[in-house]
Amino acid sequence: MTDFTMKTDADGVAIITWDTVGKSMNVMTMDGWPLLESLVDQALADGAVKGIIITSGKEGSFAGGMDLNVIAKMKESAGDNPAKGLMDGLMNAHGILRKIERAGMDPKTNKGGKPIAAALPGTALGIGLEIPLACHRIFAADNPRAKIGLPEIMVGIFPGMGGTTRLVRKMGAMAAAPLLLEGKLNTPAKAKAAGVVDEVVPADELIAKAKEWVLSEPKIVKPWDEKGYKMPGGAPYHPAGFMTFVGASAMVNGKTQGVYPAAKALLSAVYEGALVPFDTALKIEARWFTNVLMNPSSSAMIRSLFINKEALEKGANRPAVDDQTVKKVGVLGAGMMGAGIALVSALAGIEVVLIDRDQEAADKGKAYTTAYMDKGISRKKATPEKKEQVLAQITATTDLNALAGCDLIVEAVFEDVGVKAEMTKAVEAIVGEDCIFATNTSTLPITELAKASVRPEQFIGIHFFSPVDKMMLVEIIKGQQTGDPAVAKALDFVRQIRKTPIVVNDARFFYANRCIIPYINEGIRMVAEGVAPALIENAAKLVGMPLGPLQLVDETSIDLGVKIAKATKAAMGDAYPDGAVDDVLFWMFDQGRLGRKSAAGFYAYDDKGKRAGLWDGLAAQYRQADDQPDVTTVQHRLLFAQVLEAVRALEEGVLEDIREGDVGAILGWGFAPWSGGPFSWLDMIGAGKAVELCDALTATYGERFATPALLREMAEKGQTFYGRFGTQAKAA
Amino acid sequence: MTEAYIYDAVRTPRGKGRKDGALHEVTSVRLSSQVLNALKDRNNLDGHAVEDVIWGNVTQVGEQGGCLARTAVLASDLDESIPGLAINRFCASGMEAVNLAANQVKGGAGEAYIAGGVEMMGRVAMGSDGAAIAVDPSVAMNTYFVPQGISADIIATEYGFTRDDADALAVESQNRAAAAWADNRFEKSIITVRDQNGLPILEHDEYMRPGTDMQALGSLKASFKDMGEVMPGFDKIALMKYPHLEAINHIHHAGNSSGIVDGSAGVLIGNAEFGKKYGLKPRARIRQTCKIGTDPTIMLTGPVPATQKILADSGMSIGDIDLFEVNEAFASVVLRFQQAFDVDPALVNVNGGSIAMGHPLGATGAIIIGTLLDELERSDKEVGLATLCIASGMGAATIIERV
C-alpha cells in the first residue's frame, strides 16, 4: 500500500503519481511525506532522469488537502513537548518541499537542478496546492468543475506548508489576501488569471504539455531565490506595502472581531516572513502554524466544522434501516418555509407537490424557486435549462389528491394544533401506508401533533431554519412514538438536499430555539437593567456571535417573541422566569415596533428598510445606567444563557450526542464558531472554571444561571464533555 | 537639590510643510544649527558652555536620521566636544528633551544643556520611518491600533464633543494667534531663519489663516470618516476597544487639527552656577516633569493623566496653575483637557496653538514651553503647565515657575 509511485519514461521524465489508497481524492497523511521524499531523492540522483512531473492518479482531482483527522490529532500525537514535536514535523515537511523547489540547484550559483512540474488533473486544495507551489511550474487541466485554492482558514487553521509564504511571494500580499484570508477557491481559468497556476491545458494533454516544458531546459530558479528579489506590491516598510499591511490588520481584526487565532497568526506569518529571506520565512510560518495548532480553537473548529459535521451528514446517528431516499415529497403550505422546502427539494432532483389553500398562494410559493433560479442565472451559477428542469419538478396545486404517491410529507402550515391536525388526517387518507409525515413546526410538541396521526410511529418533526435555502442545519425531532424508519427517512431527505442534520428528542423548543431564546432574553433583560444597548450588541459580536441579541430579535420579529413568551408563560405558570424581559418586549410590541418587518424595532431602519443604528427611543424608556458593566460580564451572561440550555438539553436527554449539540449550535444559530460549539467551549475553559462562573452569575443575576448537576459533577471529577461523552458514544 | 532654570528659549517661525512652504528649501540640519547658534549668540556662551544637546525629532530617517543632534552640533558654532543626543517620544519629543535636560541638571550631570527639537515635515514625511505598532499584526491587532485622527474622533464620541465645539476651538486658536502676532507677543523667542548669506527666508509663522470662521470650517469634509467607516474600517477596531459606543462621530478635519509644518525650537537650561558664570538671569525654574502611558487606541487622552500625575508629584492642585499650554494636536484633545479639569478656556493656549500655527512634531514640546514662559512674563503670572498628547498612547507634562 503506497500513496506515491514513480515511473521514468524513455524520454527521461520521471512521473510521480499520487494515488491515496482507498480514497476518491488524495489526502496527505503522515506516511505520505517520507514516500514522496524518497521518490524525489531517487529521481534527483538518477542521471537518466532529466526532470520530474508530480501528478495524481485520481480522475478530475490532484488532492483534497491534508487529512483533517490527522491535523486534529497532530497536537496529541506530537509527544511530551507538543510545540517542539509540531515544529519539528513541520520543518521536516518544509525540507521536503524545499528540496523539490531547489531540485539540486547549486545553492550559490543557482546552476544545475532538474525541472519539476506539477500536473493537476483537477481540484487542488490545501496541501494539494502547497506541493505544486513548491514545484517550478503548475499545469492545470482545463476542468471547469475543479476548485483550486487554500481553504484552511475556513476550519480555523491557515496554509502552513509553505502555501502562505510562497503565495505571498509569488503574488504579493494584496493579491494573495482573498485566497489566504477568505479561503477563496477558483476554477483553473480563474486561478491562472490570478497567477496561482501557470498554465491551463486541455485535460488529455496535461502530461504531454508538462513533459514538453520539463524537456525544454526551462529556467527553474524561483524569483525569491534570486538576488534582488522584491515582493510584488511592496514589503511592509515599502510605502505601498505599508498601507496594505496597516489596512490588512484592521480589516481582518474588524471582520473577525479578534476571535479567530488563525487569521491573526496568518497575518503575522505574512508580515514577519516578508522581512526576511525565504528559508527564514518558512521557519516563521512554521512557528505561527504551530501556535495555531496549539490553540484549542483550531482543533475544536476542525472537529465540529469538518469531522463531526461530515460524520452527521454521512449518517452517524442513522438507524440501521434500508435506504429511504425520497422520490416524491409533498409540501403542505406554500408560505416562506414551504416555498423554501420545495425549492431545496426540487434542486435535489426530488419531485415536489406544493400545496396551499388557494392556487394563487401555491403559485406564489413556486415563484420563489423561479426567482431563486433567475438570480442564479444572472450570477452565472445556473442556466435557463437548469431553471426549467428544477421548475418542472414542482407541481403547485390546491388538490390534496396530487399527494398520492408521496413517500414524504413535510407540513409547513399555520402554527396551530387544530389546523395541523386537520391537515394530518386529510393527507394521511390520501398517501400510501409507508409515507412518512413530517411537521416543520418550530414551537409545538411533536408528540402532541402526532396524536392526530393514525400512524404516530411514522410521524416526525423536521425543523428547517429560515431562510431554508441558506441555513445549513435541519433539526429532526423524534416524538415519543416515532420509529426508526421515520428517522432514517428524515436523515436521507436531509442528505439529499445537502444539509446537515441533528436528531433530538421532543421537548419545548427542541434544541436550537431552546438555546437561542435565552440568548435573546438575556440581551433584552440587560436593556431593562440600563446596560447600553451598543455594549450588549458589541459584546456579543466580540465573542463571535454573528448577530447581537437585539438585532437577532429584530430579524426574527418581536411579535413572534411576544407570542412565544405568552405561550411559555401559560405553560409554566408561576415558575415563569422572564417577566423582566416581557416588560420590554411587550412595550416594544405596543409601540408597534415589531422588528425588521415593520422597519422599527430595537434598531431604527431607513426608508429602504436598511438598519440605521439602535433606536434612540429605547434610551428614553430605559435609561442607561451611569456605571456600565465590563464587556466580559456581558459576554458571560450572553454565552452562559445559551450554553447552560445546551447542557440541560443533554442532561434531559433531548440531546443524545454532544457532536450534534456543537455542530447544531454553529450551523443553527451561529454560536461562536471559533469555539467549536457550546460543549467545546466548556471543555476549553474547563468544567471547574465554568462552575465557578455559573455560581457567580447565579449569585448576582439569578437562578437561570444555576449550575446544572451534570456540569458540577464533571467539575468535581475533572471531566471534559468530549472526554466523558466521547466522539462516538451517545450521552443517553 | 540643585535647581534647573530656563535661561532662554527660541524658536523659528513655522513654515508650511509643503513643497511651496518657505522653509522647504532649508535642511533640517541647517534649521537646527541656526537655533543652536541663536542660543549661543544671544547668551554670549562659549562653544563648550553646555554639557550636551538633546534634540527631539520624530521621523528619524534620511536627513533627520543618523543622530541628527550630533550632526547639528557639528554644523553649528558649538564645539565638537559637545556630543548630541537625538530622542523620539513622538509629539512630546521637544518637551522630553527639555525634561531630560532639566533632570540631568538637577541630578548634577553637568551645568547646562540645550534642549529642543526640529521637524521638517515637508521634507521628511510623517510615518516614513515605519511603525511596527501600525504594521505588525501581532501588535496592531492586539493593541487595537487606529490612526491618530480616528483616536481624536473617539475622544469626541466618548466625551461628547460636537463638530461645532471643535470648530469653535479652531476659530479661537486662529483669532488668538493672529492677535498675538499683531501684539508682537512672540518677539522674545522668534528668530528669523536666514540663508548662508544672511538673507532672511522666513520671519513669521506662515501656516495661519487669520479670519477663519465657523462657516469656512463648516464646509470642510471630516478627514477620517472614510478610513473609519469604509476602507479599511478603523471604526470597527475602535468599537472593539470601546464597545459601549455604537458608532464613531467623525468631527475632525484639516481646519480643527494641527497643521503640518517645518520648524525648530531650543531651550537653554542650566543650574545657578551656570547663570553666574555667563552673567545670565534665570527666567523660570523647571519645577516638575512627568510622562505616562495610556490606552493606545484612544491614544491622545494623555494630557489628563499626565497632568493629574504631575500635580500629585509636585503637591499642587489645578488651581495653583496660572496658565496652560495644551498642544492642539486635535481640537478634541484640548476640549477633553478643559472638560476634565474644568479650567477656564481663557487660560489655555492664550496665544493660539498648533491648529493655527502648526505642529512640527519634534519641536512643538520645546515651542510651547517657550510660549508659556513668554506669556507668564508678559501677563506677570507665576506658574505654568505645558502638556502634550503623544502617539501610541502616552502623555507628557512640564510645570515651570518664574523666579
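Keep in mind that the model is predicted.

I'll start with chain A. Its secondary structure comes to 30 helices and 21 strands. The radius of gyration is 28 Å, close to the 27 Å that the globule rule gives for 732 residues, so chain A is as compact as a globular protein of that length.

Of the 732 residues in chain A, 52% are buried. Looking at contacts in chain A with a separation of 6 or more, 71% are between residues 24 or more positions apart.

Next, the core. In soluble globular proteins, nonpolar side chains tend to be buried together. Here the largest nonpolar core has 373 residues. Those with the most contacts inside this core include Leu266(A), Ile409(A) and Ile460(A) from chain A, and Ala115(B), Ile269(B) and Ile369(B) from chain B. The helix of chain A that gives the most to the core is α25, residues 631-651, with eleven residues.

Take Ile269(B) as one example. Leaving aside neighbours within four places in sequence, Ile269(B) is in contact with residues including Ala4(B), Tyr5(B), Ile6(B), Val98(B), Ala115(B) and Ile286(B).

Last, the contact between the chains. How many residues does each chain put in? Chain A has 27 residues there, and chain B has 22 residues. On the chain A side, α9 (239-256), α10 (261-274), α20 (533-542) and β21 (611-614) each supply at least two residues. α9(A) gives the most to that side, with nine residues. By type, the chain A side divides into 16 nonpolar, ten polar and one charged.

Methods: Residues numbered from 1 in each chain as written. Chains lettered and ligands numbered in written order. Predicted model: local features only at pLDDT ≥ 70, side-chain atom pairs only at ≥ 80, totals over all residues. Helix = DSSP H or I, 4+ residues; strand = E, 2+ residues; numbered from the N terminus. Rg over C-alpha atoms; globule rule 2.2 N^0.38 Å. Buried ≥ 20, exposed ≤ 12 C-beta atoms within 10 Å, placed from the backbone. Contact = placed C-beta atoms within 7 Å. Core = buried A, V, L, I, M, F, W, Y, C linked by C-beta atoms within 7 Å. Nonpolar A, V, L, I, M, F, W, Y, C, P; charged D, E, K, R; others polar.
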